[in-house]
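Thanks for making the time; I will talk through one structure, moving from its strands to its charged and aromatic side chains and then to its core. Please keep the view on your own screens open while I speak.

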Amino acid sequence: QVQLVESGGGLVQPGGSLRLSCAASGSIFSIKDMGWYRQAPGKEREWIAVITSGGTTNYADSVKGRFTISRDNAKNTVYLEMNNLKPEDTAVYYCYVGIEYSSNYYWGQGTQVTVSS
């Protein structure tokens, strides 16, 4: 199986920054897309960012200009740099990866981000 371990969440004040990481391990041959979703209490899951194997990135309008996604292929890790955080960014953040030659996507366990004074 493929396992994703997330870290970097926590409590931060409005305007602050956090960096989330998600490390993949297991039966991995080549990772295609890597990205992030989030889900706030009482709201549906929201896609927020993706980075392809070629390095192309895309972002949801709600985070564009504030968040940056990156990847380290040697470590099978995807990062999410979160800047100028707002209370509405409070959510559980889930990473995902797509594996080459597989139709399956794999998901992390989630990490809590709370933006509050």
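Predicted model: local features only at pLDDT ≥ 70, side-chain atom pairs only at ≥ 80, totals over all residues.

Let me start with the hairpin that β4 and β5 form, which has six residues between the strands and, in the turn, glycine 42 with a positive phi of about 75 degrees. Residues are numbered from 1 along each chain as its sequence is written, and side-chain values use heavy atoms, with hydrogens and water left out.

When I say strand, I mean a DSSP run of E with at least two residues, numbered from the N terminus, and two strands pair if DSSP finds at least two bridges between them. On that basis β4, residues 31–39, and β5, residues 46–51, pair in the antiparallel sense over five bridges, with methionine 34 having isoleucine 51 in β5 as its bridge partner. The hairpin of β5 and β6 has five residues between the strands, and glycine 55 takes a positive phi near 95 degrees.

Turning to the open sheet, there are four strands in the order β1-β3-β8-β7, with antiparallel pairing. The edges are β1 (2–7) and β7 (67–72), each of which has a single partner strand, so that one side of each is left without a neighbour in the sheet. Direction ignored, neighbouring strands of this sheet are turned by 15 degrees against each other on average, where the axes are lines fitted to C-alpha atoms and angles run from 0 to 180 degrees between N-to-C directions. Between β1 and β3 there are six bridges, and the two strands run antiparallel; valine 2 stands opposite glycine 26 in β3.

Now the charged side chains. The structure holds five salt bridges, a salt bridge being a side-chain nitrogen of Lys or Arg within 4 Å of a carboxyl oxygen of Asp or Glu. One of them is between glutamate 81 and arginine 19, at 2.7 Å from N to O. This pair links distant parts of the chain, with glutamate 81 in β8 (residues 77–82) and arginine 19 in β3 (residues 18–26), 62 residues apart.

Is arginine 38 buried or exposed? At 6% relative accessibility, arginine 38 counts as buried, given that buried means under 20% relative accessible area, exposed over 50% and partly exposed in between, with a 1.4 Å probe and protein chains only. The side chain of arginine 38 meets glutamate 46 in a salt bridge of 2.9 Å, N to O, and glutamate 46 is partly exposed at 27%. A further salt bridge, of 3.3 Å from N to O, is that of aspartate 61 and lysine 64; aspartate 61 is exposed at 67%, whereas lysine 64 is partly exposed at 48%. Salt bridges that share partners also join Arg38, Glu46, Arg66 and Asp89 into one network.

Arginine 45 brings us to the rings. The charged end of arginine 45 sits over the ring of tyrosine 94, 4.6 Å from its centre, and also over the ring of tryptophan 107, 5.0 Å from its centre; the rule is that NZ of Lys or CZ of Arg is within 6 Å of the ring centre and within 35 degrees of the ring normal.

Finally, the core. The largest nonpolar core has 30 residues, and those with the most contacts inside it are Trp36, Leu80 and Tyr93; such a core is a set of buried Ala, Val, Leu, Ile, Met, Phe, Trp, Tyr and Cys residues joined through side-chain atoms within 4.5 Å. Strands that each supply at least two residues of this core include β4, β8, β9 (91–99) and β11 (111–115), and β9 gives the most, with five residues.

As for β11, Thr111, Val113 and Val115 make up its covered face, while Gln112 and Thr114 make up the uncovered one. β11 pairs with β2, residues 10–12, in the parallel sense over three bridges, and three bridges also join β11 to β9, with those two strands running antiparallel.
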